[in-house]
Amino acid sequence: MRYRFRNRLRDQMISWLPTPKFTGARILCFHDVQDKTAFAERMSWLKNNFSVVSLDDCFTESTDEIKVAITFDDGFRSWITNAAPVLEKYNLPATFFVNSGLVGLTGTDMQNFFKINCFRKEDHLTAISLPELQALAQHSLFDIGGHTKDHFLFSEKTDKEMLRQQIVDDKVALKKMTGLAINYFAYPFGQMIHAAPAVQEMVATAGYKKAFTIVPGAASQQTNPWTINRDSLELYQSERVWSQWLHGTYDPFVKKKIKLYERLQRSYR
Ligand SMILES: [Zn+2]
């Protein structure tokens, strides 16, 4: 992915700011992992500088440190080749949010899934197979979560039957595939517009315990359990940028951006 000029400028400015004293939990969101060496270096750094915990442990009693949980979205073969061996080496727990409809796809079906459902054009992407997903699910460090059947683009207009198929049926399918209780859900595309009240309601009806966006921010027991923030950081961003981000240096800017966006949305209605 390109490191856009304005993001590079933003990161450069943020890295000059003093680091705030933050304690609490942050949740990282990754997708496919192409560069195993860069991923390993950053995971080693993460382990040395933060307390890396499972999603379950993010929400237990707060401590005087920064807890970081690791999550992945969609369902890529690179989880098996590049991510899991590194996580295993450093003994780092992780949750993988999977589209049940993507598991085991190959050839044109797989390419269409990535292009049409995920808006991803890269041609190196490969879907995870069922045996690979089952191997992840059986590993004591790893957990599997729901992410809809088809990486569905929810809006406030999505009808109830579609919500049921994409959320409830997907959860049943994942349980069947992995033999695990599926407790956590991540909204495809992950912005607040994809987590409309009716979508949140169906996630609760399905029996999920918590649901996650990709809106940056801290996670705590006080956070609304149906819209828990996650930070989507990239491996090409420096350790200093990651550190600033995980300490909450970006949070005030993100909040301002969201407020501005909501005001714009209201004025267009
Ligand atoms: Zn996704």
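Reader: Which residues of helix α9 are buried?

Author: This is a predicted model, in which local features need pLDDT of at least 70, side-chain atom pairs count only at pLDDT 80 or more, and totals for chains, interfaces and linings use all residues. Residues are numbered from 1 along each chain as its sequence is written. Helices (H or I, at least four residues) and strands (E, at least two) are DSSP runs, numbered from the N terminus. A residue is buried if 20 or more other C-beta atoms, placed from the backbone, lie within 10 Å of its own, exposed if 12 or fewer, and partly exposed in between; in α9 (residues 239–246) the buried ones are V241, W242, Q244, W245 and L246.

Reader: What covers the buried residues of α9?

Author: Contact here means that the C-beta atoms of two residues, placed from the backbone, lie within 7 Å. The cover includes α1 (5–16), β1 and β3 (66–74).

Reader: Which residue follows α9, and what is its phi?

Author: The residue after α9 is G248. Its phi is positive, near 85 degrees.

Reader: Which residues is W79 in contact with, leaving aside its neighbours within four places in sequence?

Author: W79 is among the residues with the most contacts inside the largest core. With those sequence neighbours set aside, its partners are V33, F72, A84, F96, I128 and L136.

Reader: Is α2 roughly parallel or roughly antiparallel to α4?

Author: Axes are lines fitted to C-alpha atoms, for helices over the stretch in contact, and angles run from 0 to 180 degrees between N-to-C directions. The axes of α2 (residues 36–49) and α4 (residues 78–89) come within 9 Å and cross at roughly 30 degrees. Angles under 35 degrees count as roughly parallel, over 145 as roughly antiparallel, 65 to 115 as roughly perpendicular and the rest as oblique. So α2 and α4 are roughly parallel.

Reader: Which residues of α4 does α2 meet?

Author: From α2 come K36, F39, A40 and M43. They meet N82, A83, V86 and L87 in α4.

Reader: Why is α7 oblique to α8?

Author: Helix α7 (residues 160–178) and helix α8 (residues 197–205) pack with their axes 9 Å apart. Their angle is about 40 degrees. That angle makes α7 oblique to α8.

Reader: Which residues of α8 does α7 meet?

Author: The α7 side has L163, R164, I167 and V168. Their partners in α8 are A198, V199, M202 and V203.

Reader: Is V172 exposed or partly exposed?

Author: V172 lies in helix α7. It has 13 C-beta neighbours inside 10 Å. V172 therefore counts as partly exposed.

Reader: What is the phi of N91?

Author: N91 lies in the loop between α4 and β4 (94–98). N91 is exposed, because 9 other C-beta atoms lie within 10 Å. Its phi is positive, in a residue other than glycine, and near 55 degrees.

Conventions: A nonpolar core is a set of buried Ala, Val, Leu, Ile, Met, Phe, Trp, Tyr and Cys residues joined through C-beta atoms within 7 Å.
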